[in-house]
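Got a new model on the screen and want a quick tour? Let's go through it in questions and answers.

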Amino acid sequence: MRRRPRGKTILRCPHCGSDRLIFEGGLILGQLYHCLACDYVGSLVLETDEATEKRTAT
Ligand SMILES: [Zn+2]
């Protein structure tokens with residue numbers, strides 16, 4: 001089940017937590033993302049919304 005929160009969804013790297021992710025396109029396993037901050041490449045990314053971002057910002 002996918003919920004769609006209001007506002008923009010922000011993708012974050014599960015490795016370093018950066019939001020500098022780019023979409024690499026589809027492979028056999030599905031969609032692939034590339035983190036520009038730590039060079040992580042994978043299909044698993046964290047999805048957060050802007051409200052969560054504001055709450056957790058320090
Ligand atoms: Zn990263």
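Predicted model: local features only at pLDDT ≥ 70, side-chain atom pairs only at ≥ 80, totals over all residues.

Q: Where in the chain is confidence lowest?
A: At the top end, confidence is highest in S1, at 92. The other end has a mean of 71, and that belongs to residues 50-56, which make up helix H1.

Q: Is Pro-14 buried, partly exposed or exposed?
A: Pro-14 sits in the loop between strand S1 (9-12) and strand S2 (21-27). Count the other C-beta atoms within 10 Å of Pro-14 and you get 13. Buried takes 20 or more and exposed takes 12 or fewer, so Pro-14 is partly exposed.

Q: Which residues does Pro-14 touch, not counting those up to four places away in sequence?
A: Cys-35 is 21 residues from Pro-14 along the chain, with their C-alpha atoms separated by 9.4 Å. For touching, the cut-off is C-beta atoms within 7 Å. The residues that Pro-14 touches are Leu-44, Val-45 and Leu-46.

Q: Is Cys-16 buried, partly exposed or exposed?
A: Cys-16 is also placed in the loop between S1 and S2. Its count of other C-beta atoms within 10 Å is 12. Since 12 or fewer is the limit, Cys-16 is exposed.

Q: How far apart are the C-alpha atoms of Cys-16 and Tyr-40?
A: Leaving aside neighbours within four places in sequence, Cys-16 is in contact with Cys-35, Ala-37, Cys-38 and Tyr-40. Along the chain, Cys-16 and Tyr-40 are 24 residues apart. Their C-alpha atoms are separated by 8.5 Å.

Q: Which residue of the S3 and S4 hairpin takes a positive phi near 70 degrees?
A: Strand S3 (residues 30-35) and strand S4 (residues 41-42) run antiparallel, joined by two bridges. Five residues lie between the strands of this hairpin. The one with the positive phi is Asp-39.

Q: Which residue stands opposite Gly-42?
A: Gly-42 is in strand S4 and counts as partly exposed, with 15 C-beta neighbours inside 10 Å. Setting aside neighbours within four places in sequence, its contacts are Leu-32 and Tyr-33. The residue standing opposite Gly-42 is Tyr-33.

Q: What is the C-alpha to C-alpha distance between Gly-42 and Glu-24?
A: In sequence, Gly-42 and Glu-24 are 18 residues apart. In space, C-alpha to C-alpha, the gap is 9.2 Å.

Conventions. Residues numbered from 1 in each chain as written. Helix = DSSP H or I, 4+ residues; strand = E, 2+ residues; numbered from the N terminus. Contact = placed C-beta atoms within 7 Å. Pairing = 2+ DSSP bridges. pLDDT = per-residue confidence, 0-100.
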